[in-house]
Amino acid sequence: MRYNITGEPMPVVICDVESGESMITEKGSMCWMSPNMEMKTSAGGIGKAFGRMFSGESMFQNIYTAQGGPGMIAFASSFPGSIRAVEITPDHPIVVQKSGFLASEQGVELSVFFQKKGMSGFFSGEGFILQKLSGHGTAFLEIDGSAVEYELAAGQQIVVDTGNLAMIDATCSVDVQSVKGVKNVLFGGEGLFNTIVTGPGRVVLQTMPISNFAGAIAAILPSK
């Protein structure tokens, strides 16, 4: 598979695949393709299907396979930002926000990633469940806004507003902590929880999560 990412700030990744080669997506993000790309919708097993649904994605995957020769398929981002290609190997799985997966080669497997403290994460909303990408192949991730990357040493931490966490190496650990102080919670405007990422590993943050953008737009819309 060869690919080209173009068109920021509303990017698209155009993939050229060989005959019999497949790409998968869960969000209906296919925007154009060659006529010989055959689509098949699959749940991939009951356990995996419910795991994807629990992580905020669809229970079903769309699998596109080139038939009778090379094919082409394009997947577009759903929000202004960027698309990042990540190589997944058995010894280098990654963890992404629940809406961050765009598409991948068929060898990439998606599963639920539970945070260290499940109950505190549950009350933090979108930070509760992340997705783990494992297996082997290239995966394409959506980044809302711009991407900022840090490399954490062992034991080094960074405090992140939950929606700004886009991707981490699976070697990192994740915890959710409530904001301290009643005044901070009531008047700080930063929400009730923060996500604490501890190294070692890479952390990719996004500057404008779609939830923040929606809140900013809603605040200036006229009320009826």
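Before we go on, a word on the model. It is a predicted one, where local features need pLDDT of at least 70 and side-chain atom pairs count only at pLDDT 80 or more, while totals for chains, interfaces and linings use all residues. Residues are numbered from 1 along each chain as its sequence is written, and side-chain values use heavy atoms, with hydrogens and water left out.

Now the overall picture. The protein chain has 4 helices and 19 strands; these are DSSP runs numbered from the N terminus, H or I of at least four residues for helices and E of at least two for strands. If we call heavy atoms within 4.5 Å a contact, then among contacts in the protein chain with a separation of 6 or more, 78% join residues 24 or more positions apart.

Let's look at one sheet. Strands pair here if DSSP finds at least two bridges between them. Strand 15 pairs with strand 18 (residues 193-198) over 5 bridges, and you can find Asp161 opposite Asn194 in strand 18.

Next, the aromatics. Rings of Phe, Tyr and Trp (its six-membered ring) pair if their centres lie within 6.5 Å; planes under 30 degrees apart are stacked, over 60 edge-to-face, and the rest tilted. How many aromatic pairs does that rule give? The count is 2.

In one of them, the ring centres of Tyr3 and Phe140 are 5.1 Å apart with planes at 75°, so this pair is edge-to-face. Tyr3 sits in strand 1 (residues 2-6) and Phe140 in strand 13 (residues 137-144), so the pair ties together parts 137 residues apart in sequence. Buried or exposed? Phe140 is buried, at 0% relative accessibility, whereas Tyr3 is partly exposed, at 37%.

Tyr64 and Phe75 are also edge-to-face, 6.3 Å centre to centre with 70° between the planes. Tyr64 belongs to strand 6 (residues 61-66) and Phe75 to strand 7 (residues 71-76), and both residues are buried.

Key. Buried < 20%, exposed > 50% of the residue type's maximum accessible area, 1.4 Å probe, protein only.
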